Amino acid sequence: MKLDTPQKRIVTGIILVVALAGLCAYYATEYQNHLKYPSYEVILSDYPQGEVVNVGGVVTSTFNGGFLMVKNHQGHLVTMKVLNDTPVAVEDSVSVVGVLAPDNTIVNVEQVEVTEYWNYIFLLLRSFLVLIFLIFIFSRYWSFDWKSYEFRRR
């Protein structure tokens, strides 16, 4: 298909954006059904006590033998108490796979993934700098023609 007129380019762009939005909406509604372990949505609706769950959040406090983490899930602040000796610090992002016990407690932890706060900030800064660099390189070699709605090589 040859996109030789601006109208064809606009229509094609609209079709691609609608298709992408549809795929995103489908993923947002169905991803919980395909998780290996239940997460916050199942915990808040059914509370599968004694089952292995996968939860994450930000560490708010630590104590001897564990830590507390908080997650804002669709407007609900959920505080989970994790009983594990993994060294974490306040503000770290944590993902935990373990058995759900009463009172939002995770015991028999199988896996803990910790993303330190400074590492997360560094990742955002690094991504922003690379984005600026790529925009600079792109603008050196390409320009946008507003009359024909297309990018042209300089």
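A salt bridge is a side-chain nitrogen of Lys or Arg within 4 Å of a carboxyl oxygen of Asp or Glu. A search of the whole structure finds 4 such bridges. The structure is a predicted model, in which local features need pLDDT of at least 70 and side-chain atom pairs count only at pLDDT 80 or more, while totals for chains, interfaces and linings use all residues. Residues are numbered from 1 along each chain as its sequence is written, and side-chain values use heavy atoms, with hydrogens and water left out.

Let us begin with the charged residues. One of the salt bridges joins Glu 150 to Arg 9, with the closest N and O atoms 2.8 Å apart. This pair links distant parts of the chain, since Glu 150 lies in strand β7 and Arg 9 in helix α1, 141 residues apart. Helices (H or I, at least four residues) and strands (E, at least two) are DSSP runs, numbered from the N terminus. Arg 9 has a relative accessible area of 18% and is therefore buried; the scale used here calls a residue buried under 20% relative accessible area, exposed over 50%, and partly exposed in between (1.4 Å probe, protein chains only).

Glu 150 has a further partner in Arg 152, and in this salt bridge the closest N and O atoms are 2.6 Å apart. Through shared partners, salt bridges join Arg 9, Asp 145, Glu 150 and Arg 152 into one network. Within this group, the side chains of Asp 145 and Arg 152 meet in a salt bridge at 3.4 Å, N to O. Arg 152 counts as partly exposed because its relative accessible area is 40%. Asp 145, at 23% relative accessibility, is also partly exposed.

The aromatic residues come next. A pair of aromatic rings is described by the distance of the centres and the angle of the planes. Here, rings of Phe, Tyr and Trp (its six-membered ring) pair if their centres lie within 6.5 Å; planes under 30 degrees apart count as stacked, over 60 as edge-to-face and the rest as tilted. By this rule the structure holds 5 aromatic pairs. One of them brings Phe 144 and Trp 146 together edge-to-face, with 4.6 Å from centre to centre and 75 degrees between the planes. Phe 144 also pairs edge-to-face with Tyr 149, at 6.5 Å centre to centre and 70 degrees between the planes. As for accessibility, Trp 146 reaches 65% and so counts as exposed, whereas Phe 144 is partly exposed at 30%. Tyr 149 is partly exposed too, with a relative accessible area of 37%.

Phe 144, Trp 146 and Tyr 149 belong, together with Phe 138, Trp 142 and Phe 151, to one aromatic cluster.

Helix α3 (residues 117–141) supplies the largest share of the patch, 7 residues. Phe 151, by contrast, is found in strand β7 (residues 150–153), and its relative accessibility of 49% makes Phe 151 partly exposed.

Some loop residues complete the picture. Tyr 47, in the loop between α2 and β1 (52–63), has a phi near 45 degrees, a positive value in a residue other than glycine. Gln 74 likewise is not a glycine and has a positive phi of about 50 degrees; Gln 74 is found in the loop between β2 (66–73) and β3. Tyr 47 is partly exposed at 26% relative accessibility, while Gln 74 counts as exposed at 63%. Asn 84, placed in the loop between β3 (76–82) and β4 (93–101), is buried, with a relative accessible area of 19%.
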